[in-house]
Amino acid sequence: MRKVCSPLIALFSLSLSTTIVDAELFYPSVGYGVGIRPFSVVIGDIDGDGTLDLATANYGSHNASVLLGNGNGTFQAASQYGVGIYPRSVAISNLNGDLHMDLAVANGGSDNLSVLLGNGDGTFQTSVQYSTGIGPRSVVISDLEGDGDKDLATANFDSDNASVLLGNGDGTFQISEDYDVDVSPYSIDISDLDSDGNPDIAVANWISNNASVLLGNGDGTFQSTINFEVGIGPRDITIGDLDLDGNPDLVTANIGDSNVSVLLGIGDGTFQTVVHYAAGVGATSVAIGDLNDDRIPDLATANRESDNVSILLGNGDGTFQTAINFMVGAYPRSVAMGDLNGDGGLDLAVANYDGNSVSILINMTRTASVELTCIPTQETLPFLLRLGVIMDNLVANYRTFSGRVDVTLASGVHITRYRAGYTNLLPLEHRENWWSQNLPNVGSLAGENTFLLFVMDVTPSPYNQPPFWPSGDTDTDSCTVTGIAP
């Protein structure tokens, strides 16, 4: 007998009840202190160690906080870096071509941007200021002229315009060029909205209740504004392909009517009629990503007045399900998505303005990895087979898993629950369960005999209390051995 294949990488199967999975999409939030009154939060690998970190713009303390990640969804104590007056937005990218992440911060009280060049170890140099329009509320980073250098753009609340600062490639920037939008622009994002290969700008205008689109010419300049109606008081705008048709779509978070507006893109820089979806009270920020592992974009909003985030799961056609809410800190102003614990699922970071903190919500849809190893111990029949189930709890919470090994013999006989049981795993625990047993003496053993491992997360909520509903993911793995007839 010989082993004919190695264990496969664990596959995640979303065969559980949708209601159960959705209702427990995130673990309870965990808070980390930052500066005073954080206005926005972003996620990126700041120190280049392969794990994601956080940065916030702190309105009340006139600084930016950096929290380096430990790779398991937890974070080190915040470090603070001085910027301008009343910073409201922060963005992360490599601005000077040295492969280290840098920060750009929009300072609403000093009418400028702060650029902090990174040292590559999670620390930053002293900030350098660049003038913008009046009262910048948001900053975004992109290559706007196609020269490979990163450029900056801001939405300027008090001058009703957007500023574009073209980069020189060394972390310095040219004098800003301003473009009129509508009344009180609050947020800005960039994507190719008309499919011509050039980056375009989209701006959410708080007072005029619309979104401005400025189509790019490809050289860092932009055409006149085209406006599209959204909800009341849009405070954030984000671009993504919500209906999976290849065309970028727009989403705004509208604080005035506590909803999100979805404008599906036609692909030429224009959009379909707006559709609104209710969120929490005072929706002020929105992010796009696949939160339930179905390969369909979902939405998350930070809701200032209800101290929660709303999750709107996507249907794949640009429509969304009813919002599910998760509590965070006090007065949340910003939400960002990223895989903070390295398990493949998208987690949330939320900046809490009144809580002086960031709330971390770890995704529950991926809680464990499993492998099944088959090792025959002799080469004649009957023979012993050594089986190993290797499990890793990928999150910083206690989990209970139940599982079984099923066997399909070469003769076609299927043996269910050949091995079954459950195990408790501590946070981030690695566990290996091994046993040896004769291969079942049922049917012919000549040919390939397949062993299939099926594992389900059955952690109760609250922990150790019934009902013992499945509350996470299911994993499968398999291995095959070949028996030789006597």
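I started with the side chains of Glu305 and Arg304, which meet in a salt bridge at 2.7 Å, N to O. My rule for a salt bridge is a side-chain nitrogen of Lys or Arg within 4 Å of a carboxyl oxygen of Asp or Glu. This is a predicted model, so I kept local features at pLDDT of at least 70 and side-chain atom pairs at pLDDT 80 or more, while totals for chains, interfaces and linings use all residues. Residues are numbered from 1 along each chain as its sequence is written, and side-chain values use heavy atoms, with hydrogens and water left out.

Next I checked accessibility (buried is under 20% relative accessible area, exposed over 50%, partly exposed in between; 1.4 Å probe, protein chains only). Glu305 is partly exposed at 40%, whereas Arg304 is buried at 17%.

The count by my rule is two salt bridges. Glu429 and Arg431 also meet in one, at 3.0 Å, N to O. Here Glu429 is buried at 19% and Arg431 is partly exposed at 22%.

Then I turned to strand β25, residues 298-303. Strands are DSSP runs of E, at least two residues, numbered from the N terminus. Six of the six residues of β25 are buried, so the strand is largely enclosed by the rest of the structure. Asp298, Ala300 and Ala302 cover one side, and Leu299, Thr301 and Asn303 the other.

Last, I looked up pairing, which takes at least two DSSP bridges between two strands. β24 (residues 283-289) runs antiparallel to β25 with six bridges, and Ala283 stands opposite Asn303. β26 (residues 308-312) is joined to β25 by five bridges, also antiparallel.

Key. Helices (H or I, at least four residues) and strands (E, at least two) are DSSP runs, numbered from the N terminus.
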